[in-house]
Amino acid sequence: MAIRKFRMPDIIEIHPLIRRAIIERDNHNYTREQIDSSASYYTAERFCEDLEHKIIYVSTDNEKITGTATLRNDEIMACFILPEYQGKGLGREFVGALERDAVLKGFSNVWLVAVLSAVEFYEKLGYHKTGEKMHNDWGKGIIMGKYIRKD
Ligand SMILES: CC(C)(COP(=O)(O)OP(=O)(O)OC[C@H]1O[C@@H](n2cnc3c(N)ncnc32)[C@H](O)[C@@H]1OP(=O)(O)O)[C@@H](O)C(=O)NCCC(=O)NCCS
């Protein structure tokens, strides 16, 4: 399994991948409407919005896209891995790559909004809770941050 930068033709596989990652995750703190709304959010247009400020990675297994993660300025977002590829270190690899990119861009900190079931994952990678965000359509998220400068 390898990670590489996103290329435009990957977009065909991205929306269904994100839908599955959201629908099949542990959603027990969220309503059916909130889950559906999150799963429908990342259309091709939304995913590709503001591309000049984003660094996007995908993971591949042969030619198949198995996961993705994005850095937009100093925010890590849209980190999604197909259920059958979770727990194999891809999430850690994506976040590490994005943190290195953020350092190269001159940022000292990165932040993200985690769904409740992903908070422990980010804590394992050194992120700390800094607040909460109640999204009108998606429900509760936890704002988390990490100091990334190595010097
Ligand atoms: C959350 C997610 C990105 C993690 O990616 P992953 O590739 O499965 O995680 P990794 O294999 O890199 O795991 C790294 C460590 O975190 C742990 N971990 C992974 N997911 C976890 C979770 N949901 N809760 C607690 N620990 C978790 C792993 O056990 C591993 O721990 P270890 O180093 O002690 O062995 C992935 O499971 C996913 O796509 N989930 C569904 C979509 C989602 O919720 N995305 C996050 C939106 S904020």
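Which residues come nearest to the ligand? Before I answer, a reminder to myself that this is a predicted model.

**Entry 1: around the ligand.** I looked up the shell and found 19 residues around the ligand, with Gln86, Gly91, Arg92, Glu120 and Phe121 coming nearest. Then I checked which elements give two or more residues to that shell, and I noted strand E4 (75–81), helix H4 (90–104) and helix H5 (119–124). I also sorted the shell by class and got 9 nonpolar, 5 polar and 5 charged residues.

**Entry 2: the core.** Next I went for the largest nonpolar core, which has 31 residues. Which of its members touch the most others? I wrote down Ala69 and Ile76. Helix H1 (11–23), strand E2 (54–61), strand E3 (64–72), E4, H4 and strand E5 (109–114) each put at least two residues into this core. I followed up on Ala69 and, skipping residues up to four places away in sequence, listed Tyr57, Ile76, Ala78, Cys79, Phe94, Val95 and Leu98 as the ones Ala69 touches.

**Entry 3: Arg20.** I found Arg20 in helix H1. Why does Arg20 count as partly exposed? I counted 16 other C-beta atoms within 10 Å of Arg20, and buried would take 20 or more, while exposed would take 12 or fewer. So Arg20 is partly exposed. With neighbours within four places in sequence left aside, Arg20 is in contact with Leu82 and Pro83. I also checked Phe80: Arg20 and Phe80 are 60 residues apart in sequence, but 9.1 Å apart in space, C-alpha to C-alpha.

Methods:
Residues numbered from 1 in each chain as written. Predicted model: local features only at pLDDT ≥ 70, side-chain atom pairs only at ≥ 80, totals over all residues. Near = placed C-beta within 6 Å. Helix = DSSP H or I, 4+ residues; strand = E, 2+ residues; numbered from the N terminus. Nonpolar A, V, L, I, M, F, W, Y, C, P; charged D, E, K, R; others polar. Core = buried A, V, L, I, M, F, W, Y, C linked by C-beta atoms within 7 Å. Contact = placed C-beta atoms within 7 Å.
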